[in-house]
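Here is a short report for a reader who is new to this structure.

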Amino acid sequence: MLQRMLKTALGLTMACAFGGFAIAQDSKVADELAKYREALADGNPADLLEVKGEGLWAEKRGPKKASLEQCDLGLGPGKLEGAYASLPKYFKDTGKVMDVESRLVHCMVTLQGFTAAEATKNWYSKPGTESDIEALVTFIGAKSNGKPINVPATHPEEAKLVKMGEYIFYRRSGPQDFSCSICHGQDGKRIRLQELGNLTTKDGAGTAMKTWPSYRVSQGAVWTMQRRLIDCMRQARWPEPNYLADSIIALETYLQKTATGTVMETPGIKR
């Protein structure tokens, strides 16, 4: 009995000692990552993609040889200031709640004459292949800098998607019986060196949502919110949703509503 008690005490002592060391090391790494982000802030690689997106917005392309300058992202044709911060929202012309990416694809199809398959063929960048979607979303997102996120979800279809997104957020699924809330449902969670925000609060959701799209240093590429959420589901070992799936837009609507009031700062820089 005494030996077992001594072993337990020794184990607890070592756990505390190494745990404290790990916390100190994690804190140091987090500080260095913060310094790295600050150093890149004035030269964010995403800035180049933003410039490309601006050119693509005005360029006459597609079978109709038209630009996107008449694209209505919810504030009227061609109005971009604050548009990203107000999405997802219900659009009467499609009868659907749309996020920035689904609405952008809609404009590429209706205004420029691309097929949906053509418009979404390279919806994310790969080595040696750039994505027009990512460039356009980066440009559109930057037009909301300094604007508060404003997704009250008062339309019945928007409210319906908020409920759907909340359900998906908490639903445990997949071979690991995992949910979004396991990582992002309470304060103080972390995985490896990464602090995990509590996305159920305005501050937590705001910190996450206000900086997308973001340049991901580990990937050397800009990611949009659609790509981030689809990849989260992949890592949770859920069936991977299709690009522009209703489930992703529902999650975005839930998170943007939670983050409403937070001021946009995009493109961000992520680990």
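## Aromatic pairs

F169 counts as buried, at 1% relative accessibility. The cut-off for buried is under 20% relative accessible area, so F169 falls within that class. The model is a predicted one.

F169 has an aromatic partner, Y254. The pair is tilted, with 5.5 Å centre to centre and 55° between the planes. F169 belongs to helix α6 (residues 156-170), while Y254 sits in helix α10 (residues 246-259). The pair therefore ties together parts that are 85 residues apart in sequence. Y254 is buried as well, at 7% relative accessibility.

The count of aromatic pairs comes to 5. Another of them is formed by W123 and Y124, and that pair is edge-to-face. Its centres are 4.6 Å apart, with 70° between the planes. W123 is buried, with a relative accessible area of 15%. For Y124 the value is 26%, so Y124 is partly exposed. Ring pairs also bring in Y243: together, W123, Y124 and Y243 make a cluster.

The table sets out the two pairs described above.

| Pair | Geometry | Centre to centre | Between planes |
|---|---|---|---|
| F169 and Y254 | tilted | 5.5 Å | 55° |
| W123 and Y124 | edge-to-face | 4.6 Å | 70° |

## A helix crossing

Now turn to helices α3 (residues 100-110) and α5 (residues 132-142). Their axes come within 11 Å and cross at roughly 115°. The crossing is right-handed.

Which residues of α3 and α5 make the contact? From α3 come V100, E101, L104, V105 and M108. From α5 come I133, L136, V137 and I140. By class, the contact has 8 nonpolar residues, no polar ones and 1 charged.

## A sheet of 3 strands

The model also holds an open sheet of 3 strands. Their order is β6-β5-β7, and the pairing is mixed. Strands of a sheet pair through backbone hydrogen bonds, either parallel or antiparallel.

Why is one side of β6 and of β7 left without a neighbour in the sheet? Both β6 (221-223) and β7 (268-270) stand at the edges, and each has a single partner strand, so one side of each has no neighbour there. From one strand to the next, the twist averages 35°.

Strand β5 (residues 214-216) and β6 run antiparallel. They are joined by 3 bridges.

Definitions and conventions. Residues numbered from 1 in each chain as written. Predicted model: local features only at pLDDT ≥ 70, side-chain atom pairs only at ≥ 80, totals over all residues. Heavy atoms only, no water. Axes fitted to C-alpha atoms, helices over the stretch in contact; angles between N-to-C directions. Helix = DSSP H or I, 4+ residues; strand = E, 2+ residues; numbered from the N terminus. Left-handed = near helix turned anticlockwise from the far one by under 90°. Contact = heavy atoms within 4.5 Å. Nonpolar A, V, L, I, M, F, W, Y, C, P; charged D, E, K, R; others polar. Pairing = 2+ DSSP bridges. Phe/Tyr/Trp six-rings, centres within 6.5 Å; stacked < 30°, edge-to-face > 60°. Buried < 20%, exposed > 50% of the residue type's maximum accessible area, 1.4 Å probe, protein only.
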